Amino acid sequence: MLVLGAGFGGLELASALSERLGEDLDLVLIDRAEGFVFGFSKLDVMFGRRHAPEVFHPYGELTKPGVRFVQADILAIDPVAKRVDTDAGAFEGDVLVIALGADLDPSATPGLVEAGHEFYTPEGAFAVAEVLAGFDGGHVVVGVTSTPFKCPPAPSETALLVHDFLVDRGLRDSSSISLVMPLPVPIPPSPAASAALLEAFAERGIGWHPERLVRRLDADRKVAVFSDGSEMPFDLFLGVPKHTVPPVVEEAGLTVDGWVPVDPLTLQTQFPDVYAVGDVTSVGTPKAGVFSEGQATVVAARLLARHHGAPEDHTYDGHGICYLEFGEGTVAKVDVVFRSGQAPAGTLEGPSAMVTAEKGDFGTSRIRRWFGREWPAPR
């Protein structure tokens, strides 16, 4: 069996199958990275709650029975033969699962690399920590450059945490913060979460600019140019870069309209025994790790049922939770369900210290399950 990508989906799939099959499993897990970083850990590093080495989980520590990790660049995918060519050789399997996520392309937005800073890759977020350390105040713009984008709450979280950072540094009175997003409200599936965020923005004096995309940055004038032609000056621009399907997935003929279509209940692609989970798909859920994990759980259950000669009746229900930083040490939780043909429904719990602790447990439990070790809580 081949699993491409060792994020939430790939790690959970490998863990679930290894747990049940042990040495009877023959799974090759391929990723070009050396290790795993939670999305929320990038904010921890950006705002000084963890150091970069603390949030890096090396794939070399994976010691699961029946699982072999291969660090390699994937050069070609043959979904018919279920064969993958990499710079570490070729691999074939009876089942292929694509969990490669979305690629990020800061250079696709003119001026972003030259005049702004993206914070969605680990490298970008870690670099922003140094930028913030030297920032002496001014207008901070948090902006989204394309849709869809991963972790829809992240821009809102960033704006709130920038506020806390500036307050702690004594720079808030001499600074302003604007949040620019293409959505009509911060979290469309959860009206309660959106209302709470808008209230938090108002209380903290954070400017909210909905239904706008940042099309380019003018490096000479230090202004962001929006999709409607309007402009906004900035002293520090923190951007969500353009998301694209990995080119090797598109070249394999797996995509339609930019992403991989799958059966929303089984996660199977148009090719027999080829599945796709997470951000690489167009399944209809947000591009966030917890949804990839849930989809991987379904694929694992169906493959285990097949192995044991049982009915493959497990289906994906579109359910996921998302933790949302509100600043000032508090976190909220959005519980949401996305079902095909139905409007998503979400509820809000918190923000509270209790949910903050629950978020910590979420991270430590995954590292314990996936890597077999403990992970200390952030400072």
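Helices here are DSSP runs of H or I with at least four residues, strands are runs of E with at least two, and numbering starts at the N terminus. The model is predicted: local features need pLDDT of at least 70, side-chain atom pairs count only at pLDDT 80 or more, and totals for chains, interfaces and linings use all residues. Residues are numbered from 1 along each chain as its sequence is written, and side-chain values use heavy atoms, with hydrogens and water left out.

H2 spans residues 39-46 and H4 spans residues 122-133. Their axes come within 8 Å and cross at roughly 20°. Axes are lines fitted to C-alpha atoms, for helices over the stretch in contact, and angles run from 0 to 180 degrees between N-to-C directions. The crossing of H2 and H4 is right-handed. In that term the near helix is turned clockwise from the far one by less than a right angle, whereas anticlockwise gives a left-handed crossing. From H2, the contact (heavy atoms within 4.5 Å) draws on Lys42, Val45 and Met46. H4 supplies Pro122, Ala125, Phe126, Val128, Ala129 and Leu132. By class, this contact has eight nonpolar residues, no polar residues and one charged residue. Nonpolar covers Ala, Val, Leu, Ile, Met, Phe, Trp, Tyr, Cys and Pro; charged covers Asp, Glu, Lys and Arg; the others, Gly among them, are polar.

A second pair is formed by H5 (residues 154-168) and H6 (residues 191-204). The two axes come within 11 Å and cross at roughly 25°. H5 is therefore roughly parallel to H6. H5 passes H6 in a left-handed crossing. Ser156, Leu160 and His163 of H5 make the contact with Leu197, Ala200, Phe201 and Arg204 of H6. Four of these residues are nonpolar, two are polar and one is charged.

H1 (residues 8-21) and H9 (residues 353-371) form a further pair. Their axes come within 9 Å and cross at roughly 55°. H1 and H9 are therefore oblique to each other. The crossing is left-handed. Phe8, Leu11, Glu12, Ser15, Ala16 and Glu19 in H1 meet Phe362, Arg369, Trp370 and Phe371 in H9. The classes here are six nonpolar, one polar and three charged.

Serine 15 lies in H1. At 3% relative accessibility, serine 15 counts as buried (under 20% relative accessible area; exposed is over 50%, partly exposed in between; 1.4 Å probe, protein chains only). Apart from neighbours within four places in sequence, serine 15 contacts Lys64, Arg369 and Trp370. Glycine 360 is found in H9. With a relative accessible area of 32%, glycine 360 is partly exposed. Glycine 360 and tryptophan 375 are 15 residues apart in sequence, and their C-alpha atoms are 9.8 Å apart in space.

The protein chain as a whole has nine helices and 23 strands. Its radius of gyration is 21 Å, close to the 21 Å that the globule rule gives for 379 residues, so the chain is as compact as a globular protein of that length. The radius is taken over C-alpha atoms, and the rule is 2.2 Å times the number of residues to the power 0.38. Along the principal axes, the C-alpha atoms fill a box of roughly 65 × 40 × 40 Å. Buried residues make up 56% of the 379 residues. Among contacts between residues at least 6 apart in sequence, 65% join residues at least 24 apart.

Definitions and conventions:
Parallel < 35°, antiparallel > 145°, perpendicular 65-115°, else oblique.
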